[in-house]
Amino acid sequence: MVPALLTRGEPLRHIRIFYKDKPLAAFDLPVPDGAKPVMIGLPQSDTERILLKQLASLDVIPTWNTHISSVSQSADGVSAVSESGETFEADWLLGADGSRSVVRSALGIEMEGSVYPETWSMIDAEIPWPWPDTQASPHLQPDGSVLFFVTLGEGRFRIIANRADVQARAEAIVGINKVFLSDTFTISLKRVQRYGEGRIWIAGDAAHVHSPVGGMGMNLGMEDAADFITTLTSGGSAADFAGYSERRLAAAKRVLRVSDRGYRLATTTNPVVRAARNGAIKLPSALGPAQRWLMRVVFRTRDQT
Ligand SMILES: Cc1cc2nc3c(=O)[nH]c(=O)nc-3n(C[C@H](O)[C@H](O)[C@H](O)COP(=O)(O)OP(=O)(O)OC[C@H]3O[C@@H](n4cnc5c(N)ncnc54)[C@H](O)[C@@H]3O)c2cc1C
């Protein structure tokens, strides 16, 4: 599946940072081992198509439009009942049913944390992009607002603002040819304290939610799911699943911390912190220590030196 994602995705190789609509810095993202890109831009529809193809190759056919309203477990198995009254039985259940997870609620597990006060908005759009060598571009403002452009390939961009008026903000900077989808939302910084019990476990946004800074949410959820499968196929004892919960909790704590730190730095209104941040970003070296640190916070790269 990874080769298909890498073939279709647009590698993020060059980033341009703006402050008050003026260039602050531009630099290449490091490419580990010169092989795979650190990040790719890919429309969700393509990600879903590739995932469905992978499922089909394993003879798995998803059941669509079936809302699970309750789940329960015994020593021998699990059962899930849909809103229409249909019952599904299995040996194990992994609830990857998003931040309002029915599965998590059935286990009595709470999401703990906070909600960022801002209303966010996003669009996927075709835009006359003026920097063809650049695939990602944060536009920072002194009032703490941020507009972030990232390529989805083939001339499409995802544009996200931590304000409600992303389209107007993007239009003022680059213009917009066509909008494919738009949304407004709030962002939470929350996670569970445990990932399940017995035969029912959770993964993805059912267990953790955070800001889009760093683009880590879906990736973290996929890592949860991969770890769950390894745990199940390598024994699936109670101790193995306790290990699943511990490992994924540690990963979620790390990602939430990094994402929150990156968001607070990008949106600071403190003039001293802002000056230090901007000064560090525009240090003259091609990829100096400050930029490498920023890359670690925002793009999850590891230092290659
Ligand atoms: C603006 C924005 C930008 C982002 N950018 C990135 C990025 O660049 N990279 C990245 O890795 N992540 C990114 N994320 C995060 C990413 O979108 C999420 O982390 C990811 O979609 C979570 O996937 P999930 O499957 O866990 O949950 P969801 O995407 O919420 O999917 C849950 C699914 O379960 C179904 N469901 C829910 N309840 C039930 C039920 N009771 N019965 C049956 N089905 C049910 C839903 O219909 C849905 O299909 C971004 C998020 C936002 C808001």
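In this briefing Ala, Val, Leu, Ile, Met, Phe, Trp, Tyr, Cys and Pro count as nonpolar, Asp, Glu, Lys and Arg as charged, and the others, Gly among them, as polar. With those classes in hand, let's look around this protein, which is a predicted model. The protein has 305 residues, and 25% of them count as buried. Its secondary structure consists of eight helices and 18 strands.

**Overall build**
- Take the contacts in the protein with a separation of 6 or more: 68% of them join residues 24 or more positions apart.

**Around the ligand**
- The ligand is surrounded by 19 residues.
- The closest of these are Gly98, Gly204, Gly215, Gly217 and Met218.
- Sorted by class, the shell around the ligand holds 10 nonpolar, seven polar and two charged residues.
- Which helix gives the most to this shell? Helix α5, residues 217–233, does, with four residues.

**Where α5 meets α6**
- In general, two packed helices are described by the angle between their axes and the distance between the axes.
- Helix α6 spans residues 238–266, and its axis comes within 10 Å of the α5 axis, with a crossing of roughly 165°.
- Because angles over 145 degrees count as roughly antiparallel, α5 is roughly antiparallel to α6.
- The crossing of these two helices, α5 and α6, is right-handed.
- On the α5 side, the residues that meet α6 are Leu220, Glu223, Asp224, Asp227, Phe228 and Thr231.
- Their partners in α6 include Asp240, Phe241, Tyr244, Arg247 and Arg248, and also Ala251 and Val255.
- By class, the contact of α5 with α6 has seven nonpolar, two polar and six charged residues.

**Two residues with a positive phi**
- As background, most residues other than glycine have a negative phi.
- Asp59 is not a glycine, yet it has a positive phi of about 60°.
- Look for Asp59 in the loop between α2 (44–57) and β5 (68–73).
- Is Asp59 buried or exposed? Asp59 counts as exposed because it has 6 C-beta neighbours inside 10 Å, and the cut-off for exposed is 12 or fewer.
- Glu154 is not a glycine either, and its phi is positive at about 50°.
- Glu154 sits in the loop between β12 (146–153) and β13 (156–161).
- With 11 other C-beta atoms within 10 Å, Glu154 is exposed.

Notes. Residues numbered from 1 in each chain as written. Predicted model: local features only at pLDDT ≥ 70, side-chain atom pairs only at ≥ 80, totals over all residues. Buried ≥ 20, exposed ≤ 12 C-beta atoms within 10 Å, placed from the backbone. Contact = placed C-beta atoms within 7 Å. Near = placed C-beta within 6 Å. Axes fitted to C-alpha atoms, helices over the stretch in contact; angles between N-to-C directions. Parallel < 35°, antiparallel > 145°, perpendicular 65-115°, else oblique. Left-handed = near helix turned anticlockwise from the far one by under 90°.
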